[in-house]
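Dear colleague,

Here is the structure you asked for. My notes on it follow below.

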Amino acid sequence: MNGQTAEELLRETGAILEGHFLLTSGLHSRLYVEKFNVLQHPEYTEKLCEMIANHFKDEGVETVIGPATGGIILSQVTARILGTRSIFTERENGKMTLRRGFRITPGEKVLIVEDIVTTGGSIREVVDVVKAAGGDIRGIGLFVDRSGGHADYGVPGNIVFPLVRLTVPTYSPDDCPLCKEGVPITERGSHHLKK
Ligand SMILES: [Zn+2]
């Protein structure tokens, strides 16, 4: 496994899937990202978190934080490698917040981690939580940025470190090259997009 790139690890575990997918938006896509295909393998998850930890090892990080659910796993693993505390945010009445007695003290150096970013919305909410507590955001580490690099996290772009950047083109059914080729379609992602 040594020497493999993050993208190779994600493809090997099926976290990045190629095919012909029907999204609940009704659009078709040739790529699908299923984060738990990698998160179910601690060995691979650790490898990816090591890449993130390594990138931020000189930032004096004191606490790693991620949004539930996937962010909890990344936070635990990354914090274990960095030797820091690990906490997570979760939603309460739709609002991202710190619960369970978690606190960030003013000036505390914080690393934010997340598995897959589509629009960056959840990360931006975590950024707000950390800023509101007076935390010092030293970086944001991501497994996959599938926004095509367009996500705005409300922090300087140079502290954001995605292991993999993906652009995922979507097609309307009338205009889908995969449909035209007769590639069978798979329905994916309904559980992600359901409101
Ligand atoms: Zn199609």
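Four donors count as tetrahedral if all angles between them lie between 85 and 135 degrees. The site of the zinc ion has 4 donor atoms with angles of 96 to 118°, so by that rule the site is tetrahedral. Please keep in mind that this is a predicted model.

Zinc site

The donors to the zinc ion are NE2 of His20, ND1 of His28, and the SG atoms of Cys176 and Cys179, at 2.0 to 2.4 Å. Along the sequence, these donor residues follow the spacing H-x7-H-x147-C-x2-C. His28 belongs to strand E2 (residues 28–33), whereas Cys176 sits in the loop between strand E9 (170–171) and helix H6 (177–181), so this pair ties together parts that are 148 residues apart in sequence. Both His28 and Cys176 are buried.

Sheet

The model has an open sheet of 6 strands with mixed pairing, in the order E5-E4-E3-E6-E7-E8. At its edges are strand E5 (95–98) and E8, each of which pairs on one side only. From one strand to the next, the twist averages 25°. Within the sheet, E6 and E7 pair in the parallel sense, over 8 bridges. Lys109 has Asp136, in E7, as its bridge partner.

Two helices lie across strands of this sheet. Helix H4 lies across strand E3 (63–67), strand E4 (85–92), E6 and E7, and runs at about 135° to E6. Helix H5 (residues 121–132) lies across E3, E4, E5, E6 and E7, at about 165° to E6.

Nonpolar cores

The largest nonpolar core has 27 residues, and the members that touch the most others are Leu10, Val38, Leu48, Phe143, Val164 and Leu166. At least two residues of this core come from each of helix H1 (6–12), E2, helix H2 (36–39), helix H3 (42–55), helix H4 (70–82), strand E6 (109–117), strand E7 (136–145) and strand E8 (160–165). H3 gives the most, with 4 residues.

Leaving aside residues up to four places away in sequence, Leu10 touches Ala15, Ile16, Val38, Leu48, Phe143, Val144 and Val164. There is also a second, separate core of 22 residues, with Ile123, Val130, Leu142 and Val155 among them.

Regards

Note on methods. Residues numbered from 1 in each chain as written. Predicted model: local features only at pLDDT ≥ 70, side-chain atom pairs only at ≥ 80, totals over all residues. Heavy atoms only, no water. Donors = N, O, S within 2.8 Å, 3.2 Å for Na, K, Ca; no water. Tetrahedral: all angles 85-135°; square planar, octahedral: opposite > 155°, others 65-115°. Buried < 20%, exposed > 50% of the residue type's maximum accessible area, 1.4 Å probe, protein only. Core = buried A, V, L, I, M, F, W, Y, C linked by side-chain atoms within 4.5 Å. Contact = heavy atoms within 4.5 Å. Pairing = 2+ DSSP bridges. Axes fitted to C-alpha atoms, helices over the stretch in contact; angles between N-to-C directions.
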